Amino acid sequence: MTPLNIPEWQSLVRHYSDLKFVSMREQFALDSNRFERFSIKSGDLLLDYSKNRITQETVDKLIQLAEAVEIQDWIERMFKGEAINHTEGRAVLHTALRNRSNTPVMVDGKDVMPMVNAVLDKMRNFCEQVHSGTWLGFSGKKITDIVNIGIGGSDLGPAMICDALEPYGIDGMGVHFVSNVDGTDLSTTLEKLNPETTLFVVASKTFTTQETITNAHSARNWFLKQGKQEDVAKHFVAVSTNADEVAKFGIDTANMFEIWDWVGGRYSLWSAIGLPIALYTGMDNFERLLDGGHQMDNHFRQQPLKENIPVIMGMLGIWYVNFFNSHTQAIVPYDHSLARFPSHMQQLDMESNGKFINRSGARINYKTGPVIWGTPGTNGQHAYFQLIHQGTQLIPVDFVLPVNSHYPECDHQSILLANGLAQAEALMKGKTAEEVRAELVKEGYEGKELEALLPHKVFPGNRPSNVLLFPKLTPEMLGQLVALYEHKVFVQGVVWNINSFDQWGVELGKQLAKAIVPELKDDAEISAHDSSTTHLIKLIRELRQ
Ligand code: F6P
């Protein structure tokens, strides 16, 4: 099945030719209810999608396409534990991890909720021991620092959440994330820490990931410079599906927190992979995060498609990627503590929807996932916003705006919010040649000088953005936001007819790296590579000190 042949897709193709030059400015002028028409609230979270290149007809047609690909059916299949990750034969149940209603979720005839709850209980118990000082380091001191060793989904999600929930951090507890196999990452983290008071969480679903296992071994060596072998159990715990490998590494499996193959790496922060979040902010705050995720799950599952935030955002993404031919999507949080939010979203979206093969194994002849990127506002405004305003590409932007800061410094927050709103307004409105001319005349320009400057100061406008506005970045709100983007990615994967839950594309590089590692040794034989790789290997050997 290719979506291109669906009548609803074809209807959007025709609609696009009618609409492509329609100006949002004019649409706003014509319809005083445009904001009300194109905004949705879910609890405290508002999506304003009125600054998009759409009319009511566009939304109707996008929803018709979502219906044509049976989105509601797919949503139910996911929530009910069907093996929709068909290339790995797995269910996709991050929603069960935050299923606060506790209704049974069946996988292969077995309810997974008792297992989920048992691990949550184990996490709570462990956190309480660490926080109360019942769990002590080898010299009898309290744990003061958590070091999570993991990569990809076993790093990005928890690291982003810990940053974002810094105001909720427990006094006297530090959290650190080591992911890169570049020794700099581990060394610069450990040089600040004391092995007597440091607890390592080795987080790896498979427990075979080269970077994580290498970092974990080096961390243990660092620890053993002061601690003894029998002390390792007090300072190393694991999160994994793979008890055998955990035991082989030397971690007592009693100190292993289980996850399951139906938890995808990039969707795993809700599982025991979230242990550093719970250790850093407390289990109650971790559960508040789950509550927020669950709230968004209910919204996604129950709201009609037209009032469904992930569905609307997903379909708007399709509109830009497949009809306006846009290649990237910027996510710009106006909250410094969400600095890592775009990176987490990058893995979530690009590892899920960066696919060129459809669910039946056939090559796709339409565009799928865009490049996701972004940094916090207002920094981005002084870096790449020039291109978003006046470059030759159409780059939709999501502005993520918490109204209140945890750090209410004088009028910082008003300036921050004003900037976010101004960017969205400027992208939509632009500045016409007439407006620029009037400004230049006022500034005293005339004649040739004015005409020469004028085109450079014109903003074409009509550039789309969404605003996600909410009162404050609480654990619940963060849970809602992350779950919202997870579901948005899912909606797009269904329309593109791809499996959003595998990631075969990361395997080839891993295989080749394994082959090259031994070849970097001076006298090792170099196997058949292309001439570029062979020369680079030789050069590295020469330059290596
Ligand atoms: O290589 C990509 C990936 O498989 C991600 O999907 C995953 O989150 C990451 O590696 C880490 O995997 P693991 O948790 O098994 O170490």
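1. A quick point on cysteines to start: the structure holds 0 disulfides, a disulfide being a pair of cysteine sulfur atoms within 2.5 Å. C127 is in no disulfide, and its nearest cysteine sulfur, that of C162, is 11 Å away. From the side of C162, that distance to the sulfur of C127 is too far for a bond.

2. Please keep in mind that this is a predicted model, where local features need pLDDT of at least 70 and side-chain atom pairs pLDDT 80 or more, while totals for chains, interfaces and linings use all residues. Residues are numbered from 1 along each chain as its sequence is written, and side-chain values use heavy atoms, without hydrogens or water.

3. Are these cysteines buried or exposed? C127 is buried, at a relative accessible area of 1%, and C162 is buried too, at 3% (buried is under 20% relative accessible area, exposed over 50%, partly exposed in between, with a 1.4 Å probe and protein chains only).

4. Now the helices (DSSP runs of H or I, at least four residues, numbered from the N terminus). Helix α7 (residues 113-132) packs with helix α14 (residues 283-302) at an angle of about 150°, their axes 10 Å apart. The axes are lines fitted to C-alpha atoms over the stretch in contact, and angles run from 0 to 180 degrees between N-to-C directions. That makes α7 roughly antiparallel to α14 (over 145 degrees).

5. In this pair, L120, M123 and R124 of α7 meet M283, D284, F286, E287 and L290 of α14, with contact meaning heavy atoms within 4.5 Å.

Key
Helix = DSSP H or I, 4+ residues; strand = E, 2+ residues; numbered from the N terminus. Parallel < 35°, antiparallel > 145°, perpendicular 65-115°, else oblique.
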